[in-house]
Amino acid sequence: MGNSEDREFAVAREASRDMPKRTFLCVVDESEELHQALRYACRRAHNTGGRVALLYVIEPVEFQHWMAVGHLMAEERREQAEEMLQVVSSVVQKLSGVTPVVFIREGKLTEQLMQLIEAEPDLSVLVLGASTGTEGLGRVISYIFKRLGRLRIPVTIVPGGLSDEQIDAIS
């Protein structure tokens, strides 16, 4: 009986080598809860041999009085996105041991997130941090909740009030 179980484990182990790595997607923004979502995604990626993907969406400016000013503002937002992603990528590298996949998109955050999930078959799990503020869970979570049945990947919501130790213990 032991030989049969050993063969089953060997087959399962071999099959898992051929499977694509799990990719945990985090939305990068200025929110406080980014820290918790990012730490959770990195720890899960590290512990499962997966990787982290980062999405930063440059949202359009509401009011553009002069076209030249609008272009300058767009250029500045792109530079800010790249700088922030450099910092976040170094954190991901340190925590997960793997260089993250980085996506920079322009448009409305929620629309770009949904388009990315549909377009990238390698994405495995969306990891979001829940806001601890009184205004609710956060706009991305509120948007995603309404579309959960149509998503092709699971969503993990990490409470924004968790400590690093608590996150490490559950991931």
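A charge counts as sitting over a ring when NZ of Lys or CZ of Arg is within 6 Å of the ring centre and within 35 degrees of the ring normal. With that in hand, look at R147: its charged end sits over the ring of Y143, 3.6 Å from the centre.

A word on the model. It is predicted, so local features need pLDDT of at least 70 and side-chain atom pairs count only at pLDDT 80 or more, while totals for chains, interfaces and linings use all residues. Residues are numbered from 1 along each chain as its sequence is written, and side-chain values use heavy atoms, with hydrogens and water left out.

Now to the sheet. Helices (H or I, at least four residues) and strands (E, at least two) are DSSP runs, numbered from the N terminus, and two strands pair if DSSP finds at least two bridges between them. Five strands make an open, parallel sheet in the order β3-β2-β1-β4-β5. Because β3 (101–106) and β5 (155–159) stand at the edges with a single partner strand each, one side of each has no neighbour in the sheet. From one strand to the next, the twist averages 25° (axes are lines fitted to C-alpha atoms, for helices over the stretch in contact, and angles run from 0 to 180 degrees between N-to-C directions).

Follow β1 (residues 23–27) next: five bridges join it to β2 (residues 51–58) in the parallel sense. Here L25 stands opposite A53 in β2. Helix α2 (residues 34–48) lies across β1, β2, β4 (125–130) and β5, and runs at about 170° to β1; contact means heavy atoms within 4.5 Å.
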